[in-house]
Amino acid sequence: MSTEHEQQVTDTLERLHSADSVDQVEAIRVEALGKQGWISQLMKTLGKMSPEERQQEAPRIQGLRTRVADAVEDRKAVLEAAALEERLASETLDLTLPAPITPKGSVHPVSQVMDELAEIFADLGFSVATGPEIEDDWHNFTALNMAETHPARAMHDTFYFPDLDADGRRMLLRTHTSPVQIRSMVANGAPIRIIAPGRVYRSDSDATHTPMFHQIEGLVIDRDIHLGHLKWTLETFLKAFFERDDIVLRLRPSYFPFTEPSVEVDVGWKDVNGRRVLGGDGDAPGHGWMELLGSGMVNRRVIEFAGLDSQEWQGFAFGVGVDRLAMLKYAMDDLRAFFDGDNRWLTHYGFSPFDQPTLSAGVGART
């Protein structure tokens with residue numbers, strides 16, 4: 001029996017030596033050392049032997065097993081090394097090819113437009129001011145000359161909190177960024193030239209309104225400020241933002257409690273392949289007027305609420321929806337998509353983090 005087993009080992013080692021693939025080596029290993037392999041069956045016979053026989057045969061059978069197992073590992077290592085050498089010789093890396101496309105994030109259009117607006121107004125000498133989104137009703141309404149009976153204070157328009165602040169004032173989610181203007185005047189006095197971008201909240205929801213949206217307001221307080229300064233600032237801002245020199249404004253009398261006189265600002269536009277494109281005189285053939293933002297000279301009562309002398313200081317203010325500016329510039333037709341988190345929409349309308357808006361290169365990455 002021992003001679004027969006030695007011959008089996010010799011045959012197995014020869015087959016291993018001539019094997020030319022790892023799969024063949026594995027098949028030979030299973031045939032000899034697998035659960036039903038002939039060496040494994042020999043190991044099982046040890047349990048049926050007497051102690052004397054087991055003491056004599058066990059070292060021999062274990063020696064056979066070790067010789068085959070070592071030969072399997074050696075041959076497998078040789079074949080794997082040869083396969084790696086073949087791959088290294090045949091596979092090359094073309095360094096002139098572009099790198100593979102990897103998933104990447106994008107800048108939301110609202111964030112992009114915020115950066116564009118900050119770039120434009122920084123060039124005009126404005127600084128960016130911020131304030132809390134949870135406000136008290138004095139900063140949000142009273143200091144802006146909005147009476148206790150003003151409709152904007154109604155529960156169905158404003159998100160109120162049940163808590164009061166330390167001074168007993170009602171707390172709410174701010175309905176505009178105008179409180180930042182009050183806080184800036186109180187903290188810094190005059191002269192002042194700021195923009196106040198940020199999130200605001202109103203109880204409204206449809207295709208063009210959401211309970212939360214983004215707004216940017218501007219404020220200038222200085223000596224001898226008049227309506228002409230306001231018109232020039234808005235024209236310069238809109239021409240830079242839409243990157244068109246043919247922006248035409250129409251100022252219509254209006255009413256806001258925090259400005260006097262107050263004006264609605266309309267912009268000329270025309271339909272181009274189903275898209276509203278701003279530019280041109282709204283009274284020209286094929287054109288029309290679109291209301292875009294509200295503005296006016298700061299009411300003297302607001303200046304006085306902020307602790308300034310309205311006989312010495314005058315100013316103007318304006319406000320516009322950032323989301324609406326994004327929709328007009330980049331041809332978006334549904335405000336609700338801004339907040340859906342749909343990756344397909346973000347991929348289409350999003351901006352590269354490297355497309356930083358600059359006045360020299362153009363504030364917008366697209367036209």
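**Notebook: a first look at the chain**

I began with burial and noted that buried residues make up 41% of the 367 residues in the chain. I keep in mind throughout that this is a predicted model.

**Overall form.** I counted eleven helices and eleven strands in the chain. I then looked up the radius of gyration, which is 39 Å and well over the 21 Å that the globule rule gives for 367 residues, so the chain is more spread out than a compact globule. Along the principal axes, I found that the C-alpha atoms fill a box of roughly 120 × 55 × 35 Å.

**Helix H10.** After H10 comes Ala 331, for which I noted a positive phi, near 55 degrees.

**Salt bridges.** I found that the structure holds 19 salt bridges, and I looked at several of them.

Glu 31 is bridged to Arg 15, with the closest N and O atoms 2.8 Å apart. Because Glu 31 lies in helix H2 (residues 22-33) and Arg 15 in helix H1 (residues 2-18), the pair ties together parts that are 16 residues apart in sequence. I recorded both partners as partly exposed, Glu 31 at 42% relative accessible area and Arg 15 at 36%.

For Arg 223 and Glu 312, I noted a salt bridge of 2.4 Å, N to O. Arg 223 lies in the loop between strand S6 (212-222) and helix H8 (227-242), while Glu 312 lies in the loop between helix H9 (300-305) and strand S11 (314-321), so this pair ties together parts that are 89 residues apart in sequence.

The side chains of Glu 148 and Arg 153 also meet in a salt bridge, at 3.8 Å from N to O; here I found Glu 148 exposed at 62% relative accessibility, whereas Arg 153 is buried at 8%.

Finally, I traced a network of salt bridges that links Glu 135, Asp 136, Asp 165, Asp 167, Arg 169 and Arg 183.

**A charged patch.** Which residues form the negative surface patch? I found Asp 70, Glu 73, Asp 74 and Glu 80 there. Of these I followed up Asp 74, which belongs to helix H4 (residues 51-90) and is exposed, with a relative accessible area of 51%.

Terms used:
Residues are numbered from 1 along each chain as its sequence is written. This is a predicted model: local features need pLDDT of at least 70, side-chain atom pairs count only at pLDDT 80 or more; totals for chains, interfaces and linings use all residues. Side-chain values use heavy atoms; hydrogens and water are left out. Patches are made of residues with over 30% relative accessible area and no salt bridge: like charges are joined within 9 Å, nonpolar side chains (Val, Leu, Ile, Met, Phe, Trp, Tyr) within 5 Å. Accessible areas come from the Shrake-Rupley method with a 1.4 Å probe; for residues, only the protein chains shown count as cover. A salt bridge is a side-chain nitrogen of Lys or Arg within 4 Å of a carboxyl oxygen of Asp or Glu. Lys and Arg count as positive and Asp and Glu as negative; His and the chain ends are not counted. The place of a charge is taken as NZ of Lys, CZ of Arg, CG of Asp or CD of Glu. Helices (H or I, at least four residues) and strands (E, at least two) are DSSP runs, numbered from the N terminus. Buried means under 20% relative accessible area, exposed over 50%, partly exposed in between (1.4 Å probe, protein chains only). The radius of gyration is taken over C-alpha atoms; the globule rule is 2.2 Å times the number of residues to the power 0.38.
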